[in-house]
Amino acid sequence: MVSPFCRWHVQELEDLQIIEPTAKHTATVIFVHGLGQSNRIWSSVVEDVWAANLPHVRWILPQALHNPVSLNDGECRPSWFDVHQLPPGPSEFEIASPSLEKSISSLEDLILSEVHSGLDSNRIVLMGFSQGASIALMTALSSLHELGGLASLSGWIPLPFRQTNTPSHFPNLQLFWCHGDEDEEIPLDMGMEAVDYLESLGIQVEKKIYERLSHSTNSEELSDIGEWIGRVLPS
């Protein structure tokens with residue numbers, strides 16, 4: 001049974017991790033963590049793996065609120081929307097859930113803030129891991145802004161979202177899809193089915209499958225992502 005509330009003191013809306021560029025700021029990457037994760041973990045990845053080679057990029061890492069998660073018997077965990085099972089079922093997703101709407105709105109607000117600061121939206125990349133990839137994909141597909149790029153690490157696109165939303169038409173959107181062939185939480189065929197959907201919208205998807213990779217990342221994938229960002233957001 002899902003708990004109707006979580007402790008208020010853990011709901012920190014403004015717990016952003018921001019890594020500023022070391023050169024002139026000309027691009028921004030917004031990275032969205034996965035279910036149950038902290039943005040501080042991915043902040044370390046950014047600093048250790050990507051930031052030095054992309055000195056012109058500002059990195060913004062939002063933190064999900066602690067929400068009740070059905071998968072964990074209603075335990076409050078950092079989550080962008082509720083999940084009942086893994087792999088996700090085809091009809092379990094609640095498209096009108098307050099947590100989903102709030103999550104998409106919060107990411108759109110981050111994009112808008114960068115645009116208002118003077119950055120063109122095509123100099124912004126939105127990316128995420130697992131549930132973070134899913135909410136990033138849904139945000140980008142419904143955004144009013146044409147982004148420079150979108151990257152999914154072990155992500156998926158819930159079927160009810162596709163059935164109830166008319167995606168924005170962004171034919172020039174560059175999308176990079178990374179997935180492990182041994183992922184049991186978001187299986188590879190679920191990821192490739194989402195890729196087929198994206199390509200049916202006219203979006204060109206660059207995909208990379210990693211052998212013997214489960215629901216995680218490895219050095220090859222992180223290196224590929226850094227190289228892709230460098231191509232999409234050149235200095």
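Is R40 buried, partly exposed or exposed? R40 is partly exposed, with a relative accessible area of 48%; buried means under 20%, exposed over 50% and partly exposed in between, with a 1.4 Å probe and protein chains only.

1. Basis. The model is predicted: local features need pLDDT of at least 70 and side-chain atom pairs count only at pLDDT 80 or more, while totals for chains, interfaces and linings use all residues. Residues are numbered from 1 along each chain as its sequence is written, and side-chain values use heavy atoms, with hydrogens and water left out.

2. Salt bridges in total. The whole structure holds ten salt bridges, each defined as a side-chain nitrogen of Lys or Arg within 4 Å of a carboxyl oxygen of Asp or Glu.

3. D15 and R40. These two side chains form a salt bridge, at 3.7 Å from N to O. D15 lies in the segment before strand 1 (17-19) and R40 in helix 1 (residues 39-50), so the pair ties together parts that are 25 residues apart in sequence. Helices (H or I, at least four residues) and strands (E, at least two) are DSSP runs, numbered from the N terminus. D15 counts as buried, at 19% relative accessibility.

4. K208 and D224. In this salt bridge the closest N and O atoms are 2.7 Å apart. The pair links distant parts of the chain, 16 residues apart: K208 is in strand 9 (residues 205-210) and D224 in helix 6 (residues 219-232). K208 is partly exposed, at 28% relative accessibility.

5. E227 and R231. The closest N and O atoms of this salt bridge are 2.8 Å apart. Both residues belong to helix 6, and because they are four residues apart, about one helical turn separates them. E227 is partly exposed at 44%, and R231 is partly exposed at 41%. Elsewhere, salt bridges with shared partners join E20, R58 and E114 into one network.

6. I124. This residue is in strand 6 (residues 124-129) and is buried, with a relative accessible area of 0%. Leaving aside neighbours within four places in sequence, I124 has contacts (heavy atoms within 4.5 Å) that include T28, I30, V115, L147 and L233. I30 is 94 residues from I124 along the chain, yet their C-alpha atoms are separated by 7.6 Å.

7. E182. This residue lies in the loop between strand 8 (174-180) and helix 5 (188-200) and is partly exposed, at 42% relative accessibility.
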